Amino acid sequence: MLKSCGQFSKDSPYPHGPAEGCEEMSSSVRRRAVAASRKPAEDEVREKEAPVEQHLEMDAGTYWLTRIVFTRSIGFVYLVAFLVPLNQNKELIGANGLLPIPVFYSRIKTALEVPANSTVTMDAFLKGPSLFWWISEHYVDLTLDLVAYLGISLSAILLFLGSGNVLIFVVLRVLYHSLVFVGQI
């Protein structure tokens, strides 16, 4: 038990320590003083090691690295998926291609009994979802190139920045599936 001492002497080994006659308190203060003198050395060692440990430890439950790698890989896949149509679409499905888009759409309208000069019906759009339903026959080649360039630029954003939002992913999906449908695969 500690005994409380209200008086301190100047002759005490501790300048502000207990006065004579307070041996119990004096010994406990010595033990605390010795322990306190050892802690800074241990704390310094821990502080020197702490930055290394902090850099090596990753927050548990976060997937930031996985998210970046996955986003960049999706960006790479879309980049390749839009580079190929940029080089081949005009020759394959362009206005003067092997299987032109206008001829393909006229066949779909005939099969669904939609008048040739009418706008696209919901039934026709659901049978063949594509942005090319609303493109004039005269601008098919230009639109194919614009879709490919837009897809390349958005996928490059994903690839190089490693981040993207839902809007970029939705636009890439719509553009790609528009090309896939008119590709008549």
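Trainee: Which residues touch the most other members in the largest nonpolar core?

Mentor: A general point comes before the case. In soluble globular proteins, nonpolar side chains tend to be buried together. A nonpolar core is a set of buried Ala, Val, Leu, Ile, Met, Phe, Trp, Tyr and Cys residues joined through side-chain atoms within 4.5 Å. Buried means under 20% relative accessible area, exposed over 50%, partly exposed in between (1.4 Å probe, protein chains only). Here the largest core has 27 residues, and Phe82, Ile101, Tyr105, Phe132, Leu144, Leu172 and Val182 touch the most other members.

Trainee: Which helix gives the most to this core?

Mentor: H5 does, with eight residues. H2, helix H3 (101–111), H5 and helix H6 (166–182) each supply at least two. Helices are DSSP runs (H or I, at least four residues), numbered from the N terminus.

Trainee: What should I know about the model itself?

Mentor: It is predicted: local features need pLDDT of at least 70, side-chain atom pairs count only at pLDDT 80 or more, and totals for chains, interfaces and linings use all residues. Residues are numbered from 1 along each chain as its sequence is written, and side-chain values use heavy atoms, with hydrogens and water left out.

Trainee: What does Ile101 touch, beyond residues up to four places away in sequence?

Mentor: Contact means heavy atoms within 4.5 Å. On that count, Ile101 touches Ile93, Gly94, Phe132, Val140, Leu144 and Val182.

Trainee: Is Thr143 buried or exposed?

Mentor: Thr143 is buried, because its relative accessible area is 14%. It lies in helix H5 (residues 140–161). Leaving aside neighbours within four places in sequence, Thr143 contacts Phe132 and Ile135.

Trainee: How many aromatic pairs does a search of the whole structure find?

Mentor: Eight aromatic pairs. Take Phe104 and Tyr105: their ring centres are 5.8 Å apart and their planes lie at 40°, so the pair is tilted. Rings of Phe, Tyr and Trp (its six-membered ring) pair if their centres lie within 6.5 Å; planes under 30 degrees apart count as stacked, over 60 as edge-to-face and the rest as tilted. Both Phe104 and Tyr105 are buried. Together with Trp133 and Phe181, they form one aromatic cluster.

Trainee: Where is Gln88 found, and how far is it from Leu144 in space?

Mentor: Gln88 is in helix H2 (residues 64–93). Gln88 and Leu144 are 56 residues apart in sequence and 10.0 Å apart in space, C-alpha to C-alpha. Gln88 is partly exposed, at 40% relative accessible area.
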